[in-house]
Amino acid sequence: MLGLMQDRPLALPHMFHRAEQLFGHKEIITATAGGGERRITIAEWAVRVRRLATALDRLGIGADARVGTFCWNTAAHLELYLAAPCTGRVLHTLNIRLFPDQLTYIVNHAEDEIIFVERSLLGALWPLAAKLPTVRYFVIIEDGTVGADLPDDPRILGYERLLAESEPFAGRFEIEDENTAAAMCYTSGTTGNPKGVVYSHRSTMLHSLISLTADGPALSERDTVMPIVPMFHANAWGLPYGCLLAGSTIVFPGPNMTPKAILELIAQHKVTLTGGVPTIWMGALPLLDDYDLSHLRALLCGGSAAPKALSEAYREKLGMPLLHAWGMTETSPIATASTVRSHHAAMTEDQRADVRARQGQAFPLVDLRLVDPDTGEEVPWDDQHSGEIQAAGPWVAREYYKGEGGGAQFTEDGWLRTGDVATADSYGFIRLVDRTKDLVKSGGEWISSVELENEIMAHPKVAEAAVIAIPHQRWVERPMACVVTKPGETLTAEELLEFLRPRVARWWLPDAVEFIDEIPKTSVGKFSKRQLREKFAGYTLPETSS
Ligand code: AMP
């Protein structure tokens, strides 16, 4: 016997029309370069989304084309967040921090037909235009910066003019199949090229709903939310979509992401909830006393482990510890959060701080298991045994775009292998203890150890090199290069860095270079990063380190 409920697609048009109809009076505020701001109501924003929908049609952008964005967190970006998927196209948020080769690869792999780019970011994108044959238009969004003259090229269009020349789409947006792709985001791999994660309308709607639940961000109409985490990073953890569903006021920080600018916005707009990586909260900590932050009710922290001491410092200063969550681009990203539960009530404050430093318990609809990588067996949730976290759920990826790059990252029974290693207590509160993926996460962005090693080993005097992550006060992790020189050769750290400078992004340069006699190997002859990490445990970076 079948249920007799209506089969309505879980699709973004519902989110758009709900926001337009119920929350038209609410505001979206965007900070612009130079200290200004732009305010629009949701009603005005909705008209702009409707104009943008028409504009995409007018430009002849394909029915399911990838619509690239190279943008800050702004209201215009949110217009694209809805206009692309509500018209059946696929929003493709591009990471503005990637360096040219990766960016070129990603745009070409996704075959973006059009890219919307913020004025201040055009300088990073336009030099690649000749290598991006699928991109027919670059649409410039003015963000308050005064740049050099725009290139005189028929592919360059102005966003405001495009909207002004396009009538608002008059009907209701329809997406019949909720499994249609809505958005995509590339994530760095350990080796090889970045991999495309493709969100569906259904996964996006379900994930947005979870951000309204009480043991998570609990977004409500009464909130004023500022997503600091970039909108190109797993859709800013889904916060913008969650806000539209809940009817929250939204504050976008725009291009200026300094701790001072962020705290000013929180104080000025009485922000109640905001979210960012630990580096953001570390940077803001010394300045907290200078601002009235009394309206804040939650500081979401994820992307890297939220250190206990940092969270406690916030509890002491603001009466509010960090709300620690874990997830990945592949999990949309919210998968777990560590809120204190009834069974923690009898604990001391210090014990509760330990709970909050864990990555926490899975959200409804997310299943997790911990699997011993050697035996393939699940390990018990006894807080002793550790295993790789495997995840399953309706907003967890089942494969990468074009099936590329990551077949090994999914199990035969369809679970995602996360590459994170954890223990769990009997309540399923996980605690990350290690990572099998060979990456360094610096300030919320990935550095591929393997790629960096390859560049180092390209130096004629280097025999072997291994890169490991070492803890860093501000960036959480920074790369350290462990280098073995060829027999009879001598090399200095500065010589090596000089060699690397033109080859890798500036923020990839190792903060420390250690010359050693040999890289320890595993039984099968691979570099044993574990032994290296043990060898350098407790290593402190030189004072001058970034
Ligand atoms: P990304 O796909 O770039 O969002 O990165 C996801 C990865 O970041 C995870 O697989 C973890 O390795 C790491 N990560 C995310 N959140 C946390 C957290 N709360 N604690 C520790 N690591 C985290």
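A salt bridge here is a side-chain nitrogen of Lys or Arg within 4 Å of a carboxyl oxygen of Asp or Glu. In this predicted model, the side chains of Glu445 and Arg97 form such a pair, with an N to O distance of 3.0 Å. The protein chain is divided into domain 1, residues 12-195, and domain 2, residues 439-535.

**Domain arrangement**
- The centres of domain 1 and domain 2, taken over C-alpha atoms, lie 37 Å apart.
- Contact between the two involves ten residues of domain 1 and nine residues of domain 2.
- About 810 Å² is buried between domain 1 and domain 2, with 53% of that area on carbon and sulfur atoms.

**Polar and charged links across the interface**
- One salt bridge is found across the interface of domain 1 and domain 2.
- Two residue pairs are in polar contact across this interface, both at pLDDT 80 or more.
- On the side of domain 1 that touches domain 2, eight residues are polar, one is nonpolar and one is charged.

**Cysteines**
- The structure has zero disulfides.
- Cys185 has its closest cysteine sulfur in Cys71, and because the two sulfurs are 13 Å apart, they are too far from each other for a bond.
- Cys185 is buried, at 2% relative accessibility.
- Cys243 is likewise in no disulfide, and the nearest cysteine sulfur, in Cys86, is 16 Å away.
- The relative accessible area of Cys243 is 1%, so this residue counts as buried, the cut-off being under 20%.

How values were computed. Residues are numbered from 1 along each chain as its sequence is written. This is a predicted model: local features need pLDDT of at least 70, side-chain atom pairs count only at pLDDT 80 or more; totals for chains, interfaces and linings use all residues. Side-chain values use heavy atoms; hydrogens and water are left out. Domain bounds come from an automatic or database domain assignment. Contact means heavy atoms within 4.5 Å. Buried area is the accessible area (1.4 Å probe) that two parts lose on being put together, summed over both. A polar contact is a pair of N or O atoms within 3.5 Å; within protein, one must be able to donate a hydrogen and the other to accept it, and residues adjacent in sequence count only if both atoms are side-chain atoms. Ala, Val, Leu, Ile, Met, Phe, Trp, Tyr, Cys and Pro count as nonpolar, Asp, Glu, Lys and Arg as charged, and the others, Gly among them, as polar. A disulfide is a pair of cysteine sulfur atoms within 2.5 Å. Buried means under 20% relative accessible area, exposed over 50%, partly exposed in between (1.4 Å probe, protein chains only).
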